[in-house]
Amino acid sequence: METNVLQIKGLVKDFPGVRAVNDVCFDIKRNVVHCLVGENGAGKSTLIKILTGACERTCGSILLNGEEYCARSPKDARDKGISTLFQELNVVDQLTVEENLTLGIEDTTFGFLHKTDKIKKIIDVLKDLEPSINPKERVGRLSVAKKQIIEIAKAVASETEIIIMDEPTAALSESEIERLFTIVKRLREKGVTVIYISHRLDEIFTLGDYVTVMRDGMHVATKPIAEVKDRTELVHLMIGRTVIESYVPKEEQSDEVLLTCKDVCNHKLKNVSFNVKRGEIVGFYGLIGAGKTELARAIYGADSYSGEIVLKGEKLKGTPEKAIKAGIALVPEERRTQGLFTLLTIKHNISAMNLKKISKLGLLNSSQERATAKNYIEQLNIKTDSMDKETSKLSGGNQQKVVFSKCLFANADLLILDEPTRGIDVGAKAEIYAIVRELVANGKTIMFFSSELPEILHSCDRIFLLYEGEIKAELQNGKDIDSQDIIHIVTGGAAS
Amino acid sequence: MSSNCTPASLRAQKAKRIVKEIYVYIILLAVVTVLSLLKGDLFQRGNFLFPPNIANLLRMSAPILMISSAFTLIFITGNIDLSVGSTLSLTTVVHAILVLNGFPFALSLVIVVALGVLLGSVNGFLVMKLRITPVIATLITMNAYQGLARYLVPPGISSITTTDTLKMPEWMGHFSKDQVFMGLSWAFIVAIVLLIALVILQKRTLFGKYLVAVGGNRTAAELSGINVVKVVWGVYILLGAISALAGVARASYLLIGEPYTGVGAETEAIIACLLGGTVFTGGEGSVVKSFVGAIIIVCLTFGLKSVIPEYWQLLAKGAVLVFAVVLNHLLSKEAIAA
């Protein structure tokens, strides 16, 4: 038997305007936990999508057990021996655990379901992995962690060779993570190869046998974990030469409180209280599911809440429309679906939040609209040959600048940025940080929500740490800030 | 998730589940109580609960009971079929024409149900193969089938009935009007048998499980190798066939082929399913509760008939629908939070 279960050779994937995966070559050994790391936009997701059949490669070859492998769909990939634990879990909440495990492979007589040894075998696999799950329970009542285990059990029972886990711990608590780790180790004992993707580098040292680092679509290194000295080395491989300039504290601090939140609660948030001073960049850091987006949306009035949010001494009540009038603007998490009208042009997007300013008696003044667009394109350095270009055709970074322009044109004093650099390349990220700095210099106030610690540390004056909808700690940014400590807190450890 | 496990919230969740389980029966009880107090002495002639009155109500309601039970299945898959009313109209007319032209009952039944299969598979084809949004696709066929029903009635007359040359046979009303058991008709008994069959289909068969899987998480169903197209198409065909069976029952009750008899039946079926707690977005639904929901609708229609004018009846039905949808929304919202 080959020692390499998977061989990737010269893999390339082009998207319009960007090469997401660029000539990637590496091997994955049989029966190991192989970790895949890289920053957002490094090409991990695209690589995984090719493996799972969710998208087609441009060129290159993949060998599974020495034979050419090409999956047409996730189902096809699963049949060929590569199962995936997606972040979006593929279980049917309305069915029981047992029904989910046997979905698609039931035994029937004349269309009627009946029990066989096969079901018993699958349930034994589940019991082996996690005895506490009752097979008769409805899956909708189980935690995310247990749903994951059900999917893993299903994959194992179908005798899969490789399980890909895409950020499996993103939504888990600390004890659940530990349980998952035990299961991953058990899988390795059973002869399954695990491809493990995570942003949490500590997990990789705990769990991994090998690690592959990707950066900007390219393969940087593949080595045994034992040969990686420490975290710093890994981070260095991931980030490469690009040096993010470190945080520079502001010279003068205003004492004027711009925004106060008091005991804000809703389905996700628990008693969130804090204040933001004029001219500050306030960071909110937490992992996925910590309640960042929910908090941003509550302040913006897009989600309902109890408690008080006060802006410039006046209580905010409820809708984005009122928030915009009061001088708040949101750069939302999902640029394409929430931030932009992707089918409209740049100039139409920029003016969209404040059409009153460029219209008279309900008629739009298009020369004013063009002038506005021109102004922001220059000011924020949006790279385009024309302001009449549809925003769907812009790169991620330029799209985000259009969203910023839109918010600025709405006369916002307070900008709420929710994951403003998600899915954009390193260069554009640096530009976004520069824009944020400049905005503050011009008297704006910024709330910066992110799940990437480096950018929070780079940009923010004060940092709030979120975990499970609660503010766990408030930190003043500066030289003596300890990122280990921060990670400890946002993963549910006690604040020190 | 773990934070929701305090005893108080667990109790609240459990209470909500129980309310969800039984509220349709409570509504039925309330509606029946109100109707029986409106007019006459309890259980006497003129009162809503006068036994022959109830028996007649059930005989009349067989078609809508059949359609509502089956409609649950299409809702479970997360789809919709607006054409059931028009299918009812069309098959009523076709059955009347066949019987008028001397076809025996059994043969006409087979032909009409086969027609229902055809109509249902057209819906399935539009939705699953041409990928037209279910609402739009079945809105189109709703109009097309209704037009066809009107076309089949010769110009100058309003319905298929005895003419100079052809006579509607005397047995036409046997299926829906004859009292075979405690004042109930064959058609109603068939509706009950159908209900039981659909419950077994939903709870015991592979098809029933796949309905939930497709409606609950389509991606997961596809990943598990379920042929989603086949499953949903199958439900459209089943619903078409059952609507056709309902058409036979309706023709037998009316004794004529009335081309507009099915207008509004889809609305009634939708209200019935929503009253029964079926979730609009798919994955959940109970055939039995939709059946009870349909009985509520029938009680309202029939019980208010001699009491208040027609526009008030429509308004009352509308009010019940709003109530059902709001309640449904509230209960399912809680279910997600839990």
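**Cavities and domain arrangement in a predicted model**

Five cavities of 30 Å³ or more are present in the structure, a cavity being a set of points on a 1 Å grid over the protein atoms alone where a 1.4 Å probe fits but cannot get out. The largest cavity has a volume of about 140 Å³, volume being the space filled by probe spheres set on the grid points, which are joined across faces, edges and corners. Its lining (residues with an atom within 4 Å of a point) consists of 17 residues, and Arg78(A), Asn90(A), Ile150(A), Glu151(A) and Lys154(A) lie nearest the centre.

The model is predicted: local features need pLDDT of at least 70 and side-chain atom pairs count only at pLDDT 80 or more, while totals for chains, interfaces and linings use all residues. Residues are numbered from 1 along each chain as its sequence is written, chains are lettered from A, and side-chain values use heavy atoms, with hydrogens and water left out.

Chain A is divided into domain 1 (4–239) and domain 2 (257–490), with bounds from an automatic or database domain assignment. Seven residues from domain 1 of chain A and seven residues from domain 2 of chain A take part in the contact (heavy atoms within 4.5 Å). The C-alpha centres of the two domains lie 34 Å apart.

Between domain 1 of chain A and domain 2 of chain A, the buried area is about 790 Å², with 44% given by carbon and sulfur atoms; this is the accessible area (1.4 Å probe) lost on putting the two parts together, summed over both. Zero salt bridges are counted between these domains (a side-chain nitrogen of Lys or Arg within 4 Å of a carboxyl oxygen of Asp or Glu).

Key
1 Å grid on protein atoms, 1.4 Å probe; cavity = no way out; pocket = protein on both sides within 12 Å on 5 of 7 lines; lining within 4 Å.
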